[in-house]
Amino acid sequence: MDPVGRRSVLGLLAAAGAALLAACGIRTGPSAQKVTPQRYRYGGDPSQFADLYLPSGDSAARGAVVIIHGGYWRSTYGAELGEPLAQDLAARGWACWNLEYRRAGDGGGWPATFDDVAAGIDHLGAAAQEHGLDLRSTTALGHSAGGHLAVWAAGRAKLPPGTPGAGIPAVPLTAVVSQAGVLNLREARELGLSDGAVENLLGVPEAEDPERYRLADPMSSIPLEVPVHAVHGTTDTTVPLSQSESYVEAATAAGATAELVLVPGDHFAVITPGSEAWEAVVALLDRAANPGRPAAGRPGSEGAS
């Protein structure tokens, strides 16, 4: 069957997951005790920082999650978008690295945004040493433009020398969960998404520097060596579903592990703890950290896995 013909809506899984968490006494959502994060700086700019959220208690973290916020790469939006996600996941036992980076309008864009995301993820290694964190399972969780950056970061090792972010990562990502990610930059530019956000990010029209556009596009790094779970709301009108569909179709055709997971809700349901869409995201994070665990009761997913 055509991989883009098999879509999964994880409503049943979300409900079952929420019930299981409740039965196990795991606190989620606003009722959970707030975690006080620790801030780490990976550069001298005010936007070059990440906040580390650790689960309470003495138990080892279930894994590490690098949270990369969206906002169409513009400075209007910041890491505060990732705070509710980090709080919820820390209450479930995850170590979360809520990453900030320079955005267009505050010194970001090409190449600064890409350099920052690479350096910011790598700096998690220093924090992990300080706290004894096991980074063998490190999943990037990115929303919207953050989904673009998360998938791009997973392909850093394939970038040519001299490219922003190129090189062997100090903290290799083991999976990506993209939440309504902008995963096809060429299409996003052609559609003029968010009043020309792609050109605003890259600084010049594509005709002036097509190589820059190619290197920034996650489609150019297909196939990746790590799985990509592309989650998209069925009523999302901010980032078209085709952004996730076209990436998954190209990735699976190239032999990569990728899937399209449809969830109820709009563009923000996937970053709203307590929603069905968010419970589906949490289930995918759990599966990414435990790739050998069968997904019992899970509806058929689109794409290879």
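How many nonpolar, polar and charged residues make up the lining of the second largest pocket? In this predicted model, the lining comprises four nonpolar, five polar and two charged residues. The space within the second largest pocket amounts to about 240 Å³. It is lined by 11 residues, of which Pro227, His229, Arg287, Ala288 and Pro291 are the closest to its centre. Helix 10, spanning residues 276–289, supplies three residues, the largest share of the lining of the second largest pocket.

Helix 7 was examined next. Its buried residues are Leu193, Ala197, Val198, Leu201 and Leu202. These residues lie on the same side of helix 7, because they cover an arc of only 100 degrees around the axis. In general, an α-helix has 3.6 residues a turn, so residues three or four places apart point the same way. The elements covering the buried residues of helix 7 include helix 3 (112–122), helix 5 (145–154), helix 6 (185–191) and helix 8. Just after helix 7, a positive phi of about 90 degrees is found at Gly203.

The loop between helix 7 (193–202) and helix 8 (210–216) contains Glu206. With a relative accessible area of 13%, Glu206 falls under the 20% cut-off and is therefore buried. Apart from neighbours within four places in sequence, the residues in contact with Glu206 are Arg186, Arg189 and Tyr213. With Arg186, a polar contact is formed between the two side chains, at 2.9 Å from Glu206.

Definitions and conventions:
Residues numbered from 1 in each chain as written. Predicted model: local features only at pLDDT ≥ 70, side-chain atom pairs only at ≥ 80, totals over all residues. Heavy atoms only, no water. Helix = DSSP H or I, 4+ residues; strand = E, 2+ residues; numbered from the N terminus. Buried < 20%, exposed > 50% of the residue type's maximum accessible area, 1.4 Å probe, protein only. Polar contact = N/O pair within 3.5 Å; in protein donor to acceptor, adjacent residues only side chain to side chain. Contact = heavy atoms within 4.5 Å. Arc of directions from axis to C-beta. 1 Å grid on protein atoms, 1.4 Å probe; cavity = no way out; pocket = protein on both sides within 12 Å on 5 of 7 lines; lining within 4 Å. Points joined across faces, edges and corners; volume = space filled by probe spheres on them. Nonpolar A, V, L, I, M, F, W, Y, C, P; charged D, E, K, R; others polar.
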